[in-house]
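Open the model in your viewer and keep the selection tool at hand. The tour goes from one stop to the next.

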Amino acid sequence: MTAVSHPLERLLARFLDYLRTSRGASPYTVKNYRTDIGQFVAYCREHDVRRLTQIDRAFLREYLEMLDAHGYAKASIVRRLAELRSFGAFLVRDGVAQQNPFRAVSAPRRPQRLPRYLTVAEIEALLAVPDLETPAGLRDRAIIEVLYGAGLRVSELAALDVGDVDLVQAQVRVTGKGSKQRLGLLGGPAVQALHRYLEVGRPALLGARPTNALWLNRRGGRLSTRAVALMLSRTGQQAGLRQGVSPHMLRHSFATHLLDGGADIRIVQELLGHASLSTTQVYTHVSQSRAREVYQRAHPRARA
């Protein structure tokens, strides 16, 4: 028996060739498809399934249940089914199948990952790290204050120009996803940090060529999102925080702390710039988790 004697193996070989030649898929992508779909083909061989018409809902459910029983993560199972559906779509386009057999079952729901966030004390520890006697320290302190105070995405922060800042109204004009604009609100500490940076830090960082960019690197150019992420990671380590700090973690902290403080979820949605309320609702789970922790620790009958 040759290596590709099974009918489904021959179809898989055609699909992989299509990915390489017509889709320009990377060798890494092709390897993943070969491994994951090859696993399904091997399962078909073990159960004497040689034709596409034999692949029905019951058979697919048994395959997914086998993966689950072998300890595959839900996300991994979801990925494998998505790859099988791409394989099936190719077979329909190629005239091999009349309909995609892998559409017969629904993908298992991915487990919802709760956003990681910092406590208020950890935020304070982070803010204490930048050296306010240096231009870069003034900039870094202001960046942390604005990310946490306004709940910005790192791309939104890096794109800010000086003209987007209104210290009198304590707000910044933000261009978010889909070029939608909104106002990011600033608290007193963020306003003070921005004022000090604009007055002392930014002029010292500004090079010979003028720029409208708010956040500047040591050469006087616009600070990149990667540079912001590296700065936060380094600052978190210097603050002695056990978990790595990222820009999005400050955004998560912003939303979580607002909800913990009693803010209306629709206001939080607007401040975050979420198009859908369902995107914001993940933070309510965090708050409920926090409420349970407080209850378990504080109520005398919680562990009875």
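The stops below cover nonpolar cores and then aromatic rings in this predicted model.

**Stop 1: the largest core.** Select Leu-152, Trp-215 and Leu-232. Of the 36 residues in the largest nonpolar core, these three touch the most other members. Next, colour helices H5 (120-127), H6 (135-150), H8 (188-205), H9 (225-238) and H10 (247-260), together with strand E2 (171-175); each of them supplies at least two residues of this core. H6 gives the largest share, seven residues.

**Stop 2: Trp-215.** Centre the view on Trp-215 and show its surroundings. Leaving out residues up to four places away in sequence, Trp-215 touches, among others, Arg-139, Ala-142, Ile-143 and Val-146. Leu-194, Tyr-197 and Arg-222 are also among its contacts.

**Stop 3: the second core.** Now select Leu-16, Ile-55, Leu-60 and Leu-91. They are included in a second, separate core of 32 residues.

**Stop 4: aromatic rings.** How many aromatic pairs does the structure hold? There are twelve. Select Phe-15 in helix H1 (residues 7-21) and Tyr-33 in helix H2 (residues 27-46), which are 18 residues apart. Phe-15 counts as buried because its relative accessibility is 2%, under the 20% cut-off.

Phe-87 lies in helix H4 (residues 74-93) and Phe-15 in helix H1, so the pair ties together parts 72 residues apart in sequence.

How values were computed:
Residues numbered from 1 in each chain as written. Predicted model: local features only at pLDDT ≥ 70, side-chain atom pairs only at ≥ 80, totals over all residues. Heavy atoms only, no water. Core = buried A, V, L, I, M, F, W, Y, C linked by side-chain atoms within 4.5 Å. Buried < 20%, exposed > 50% of the residue type's maximum accessible area, 1.4 Å probe, protein only. Helix = DSSP H or I, 4+ residues; strand = E, 2+ residues; numbered from the N terminus. Contact = heavy atoms within 4.5 Å. Phe/Tyr/Trp six-rings, centres within 6.5 Å; stacked < 30°, edge-to-face > 60°.
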